[in-house]
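Colleague: I would like to go through the labels used for this model and hear what each one rests on.

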Amino acid sequence: SIVRRLAAHGFRLTQPELATTESELSGLKVCVSGRVDGYTRDGVHAALASLGAIPASSVSSGTDVLVTDSTSGSKYNKAVELGVRIMDTASFLALLG
């Protein structure tokens, strides 16, 4: 195969790593509820990872931040009950630049 021939000539193939940026979300477990304009769900998770955050699909006692524009719904209510910080999507998008 071409990969073996390249390797025989000293080429080493590596998988690129996602660049991460230090942000206020670095190291925090972040759940996103609702839509984020311009992003798919997978895109939101990739964006969170690029900010150094840990994407979460639900709100629990281990969740640090909920990103949402809603002031109702089960994730919002659980976040309020647990004292989880709530960030609106405009602030989240601003972090992405």
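Modeller: Start with the residue after H2: Gly52 follows this helix, and its phi is positive, near 85°. The model is a predicted one.

Colleague: Why is Ile2 called exposed?

Modeller: Its relative accessible area is 53%. Exposed means over 50%, so Ile2 is exposed. Ile2 lies in helix H1, residues 2-8.

Colleague: What makes Ile2, Val3, Leu6 and Phe11 a patch?

Modeller: Patch members have over 30% relative accessible area, and nonpolar side chains are joined within 5 Å. Together these four residues have about 370 Å² of accessible area, and they form a nonpolar patch on the surface.

Colleague: Which residues of H2 are buried?

Modeller: In H2, residues 41-50, the buried ones are Val44, Ala47, Leu48 and Ser50.

Colleague: How do you know that the buried residues of H2 line one face?

Modeller: Viewed down the helix axis, they fall within an arc of 160°, so they line one face of H2. Their cover includes strand S1 (29-32), strand S2 (54-56) and helix H4 (89-96).

Colleague: Which residues touch the most other members of the largest nonpolar core?

Modeller: Leu25, Val30, Leu48, Val67 and Phe92 do, in a core of 13 residues. S1, H2 and strand S3 (65-67) each give two or more residues to this core, and H2 has the largest share, three residues.

Colleague: What does Leu48 touch, leaving out residues up to four places away in sequence?

Modeller: Leu48 touches Leu25, Val30, Val32, Ala53, Pro55 and Phe92. A second, separate core has six residues, among them Ala56, Val59, Leu66 and Ala79.

How values were computed:
Residues numbered from 1 in each chain as written. Predicted model: local features only at pLDDT ≥ 70, side-chain atom pairs only at ≥ 80, totals over all residues. Heavy atoms only, no water. Patch = residues over 30% accessible without salt bridge, like charges linked within 9 Å, V, L, I, M, F, W, Y side chains within 5 Å. Areas by Shrake-Rupley, 256 points an atom, 1.4 Å probe, with all protein chains shown as cover. Salt bridge = Lys/Arg side-chain N within 4 Å of Asp/Glu carboxyl O. Helix = DSSP H or I, 4+ residues; strand = E, 2+ residues; numbered from the N terminus. Buried < 20%, exposed > 50% of the residue type's maximum accessible area, 1.4 Å probe, protein only. Arc of directions from axis to C-beta. Contact = heavy atoms within 4.5 Å. Core = buried A, V, L, I, M, F, W, Y, C linked by side-chain atoms within 4.5 Å.
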